[in-house]
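Subject: The structure you asked about

Hi,

Have a look at it first, then read on.

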Amino acid sequence: MLGMLISMPGICFSRDTSVDSLVLFRIWNYAKEHRLVTNGVQRNVYVACTFKTNRRNPTLFLVPTMYSIAKGERQFVVESYYKMKFRDAFQYDLSRQVFSSTIPHNRTVMPTMLQYMTPNLYDETLYPDKMLSPFYYGNRFFYKYRIIPITNSLFIVRFRPRTNNTQLVKGRAFVDLESGRINSVSFEGEFDMISFNVTAAMDMTAENIVLPDRCVTEAKFKFLGNNISAMTRAFYNCPTTLPDSVENVEDLEMMKTLRPTPLTLQEEEIYDQEQRKNEEKTINAEADTTEHHSSIVDFLWEKIGYNLINSTYADAGPASMRISPLFNPLYFSYSGNRGFAYKLDIGLQYNFNTHRYLTLNPKMGYNFKQKMFYYITPLRMTYNPKRNGYAEITWANGNRINHASLVEDIQAKMGPNFEVPEFRDEYVQLVNNVEAFDWVEIMTGLVYHLRRSKDRDLMRSIGFPDEYRSFAPLLTLHFKPWQDRGPTLTANYERGMKGAFQSNLDYERWEFDMSYKQKLKTMRLLNMRVGTGFYTQRSTDYFVDFANFRDNNLATGWDDDWTGQFQLLDSRWYNESNYYLRGHLSFESPLLALTWIPLIGRIVETERLYLSALSIEHHRAYYELGYGFKTRYLSTGFFANFLGGRHQGFGCKFTIELFRRW
């Protein structure tokens, strides 16, 4: 093992290569020896965060969570006291118990800053799902190391990335030779439009804790001329333990008793400024009662303007509501096949008790190329969360559709140039789902489709039905025999009943699907999906409608379903075959190809390769090849499709990723 480390490229050794290699070896193995002994450990954490607006302009209003500091004062402070409960060395839950804030209305500013509060030095990533740690064995090929002795037992390990990429950091650490424990560390990096510098002193009091004793994070955010700086000071060994019943309480006086360290001069100045401002407001309110117009303007500015840019949250006892921003570039997407689209999400919930709650999560969107408004409104009553037991009714619509057989029949009668109007598809679905066993979920229900022609009078005049209805019971089985370590298997069965609720379609349909996500080392991901579906009985060739093989009309992002979908497939193909056989494969990596290119690779976060294949009736084999990458600004994908081995076309897709994690 030592020989391998000594010959490892990218490591610059000092005078004694055997000692230097031992330093790295013990760092990489430190977490393995301490990972499983922190379950149940609790810590009290104090965090003080200051924000300073160095430069700002009206575009700052467009940045989510920045609305509150886009006008008015230029400096703010937030203090919080948390209870941290460990699940293992790198997994923990944070619950805020007490806080004090000078930000208007106690709103949250730059919540992403909290992600940089606690680095997991020995884990694969420094922060959840981002920033490859230089102290993790599997990441050693992405870094260059230089080891400098201080004493016989203390060494400095300097590290820098092999390529300038947003997923890598550079800095130095003081390391104890005997144990491989990092005593202190400082590093800098840039991710998601935030450049940061972290300095942490590790907990030296317990062998089983890989947590800092204190950590200072300085960050800067620059966007379109705006310049915001922030500093977070976190202390992880606070002596005061509060009862669990104390939760999210705003109390400055209590916070004064909990601080493990005095305020900085900047923090004291911000608090003094806030106190003077409140005193002036009180005096002005007593002296002048004619500011009614100004109050209305302020109300409109705060309420309407804020909700245009930020998600709206409301909580009133058992009821809660969430509405995505009315204006936000995150919800725009574009593809050459489908054009521009925009979506809006709404979430409503009512809790009857901890085991029973009602949710309504409508999603709406508009496709500008198709000039079509799409919606899906699932109303769900969850009655057994432990077993994923719920009853749900969904009202939704789908693509405007036609079927080749219907078009051929009409044109045979009316002539080959006759333009057949499309049909609008609306459906209502009622299902009940429950986890019967640890690895089997059963869903039963009913689905009713109503397909109406866009020109009903024309269809009647040529002697064809202007609407088609179908009513069917359905059964869906989800199998997870390997839990999270293997693929998920799905089987769907649907049986149309002609005559029920004016249904004029009779059919029997089966579908089978398998999907699997395999997480690999260094944030790589392998995505696989295969599926098939077929009809064993049909009373007409019109309107094939599969449950798993359908077009997605609402805008989706990189993390939604770019994998498992065809990007260039003509929408009519989804409804033109008695069967389908499909397969999808994608490979994702943070450092694949483009990331190694200077300048461009600096902002690339993740890259992905795509391969999709399809076989349907009356068509040759169809393939799609693709390459995509995600940056802090947008996700982009380039795709080429092939039919029977011949190249058919080329297309692209992008969705806005700007501030998606904010």
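Which residues touch the most other members in the largest nonpolar core? They are F187, F196 and F221, and that core has 74 residues. Helix α2, residues 17-34, gives the largest share of this core, with six residues. There is also a second, separate core of 24 residues, and V447, A472, L614 and F639 are among them.

Before you go further, please keep in mind that this is a predicted model.

Now the overall picture. The protein chain has seven helices and 33 strands. Of its 662 residues, 49% are buried. If you take the contacts with a separation of 6 or more, 58% of them are between residues 24 or more positions apart. The chain exposes about 32000 Å², and 56% of that comes from carbon and sulfur atoms.

Two elements give two or more residues to the patch: β22 (389-397) and β23 (423-437). L379 sits in another strand, β21, which covers residues 372-384.

You will find V216 in strand β12, residues 212-223. V216 also counts as partly exposed, since its relative accessible area is 32%. Leaving out residues up to four places away in sequence, V216 touches N197, V198, T199, M231, T232 and R233. V216 and Y116 are 100 residues apart in sequence, yet their C-alpha atoms are 9.5 Å apart in space.

Lastly, Q75, which belongs to strand β3 (residues 75-86). What joins the side chains of Q75 and Q266? A polar contact of 3.1 Å does. Q266 is also one of the residues that Q75 touches, along with F51, K52, E269 and I270, again not counting residues up to four places away in sequence.

That is what I have for now.

Cheers

Definitions and conventions
Residues numbered from 1 in each chain as written. Predicted model: local features only at pLDDT ≥ 70, side-chain atom pairs only at ≥ 80, totals over all residues. Heavy atoms only, no water. Helix = DSSP H or I, 4+ residues; strand = E, 2+ residues; numbered from the N terminus. Buried < 20%, exposed > 50% of the residue type's maximum accessible area, 1.4 Å probe, protein only. Contact = heavy atoms within 4.5 Å. Areas by Shrake-Rupley, 256 points an atom, 1.4 Å probe, with all protein chains shown as cover. Core = buried A, V, L, I, M, F, W, Y, C linked by side-chain atoms within 4.5 Å. Polar contact = N/O pair within 3.5 Å; in protein donor to acceptor, adjacent residues only side chain to side chain.
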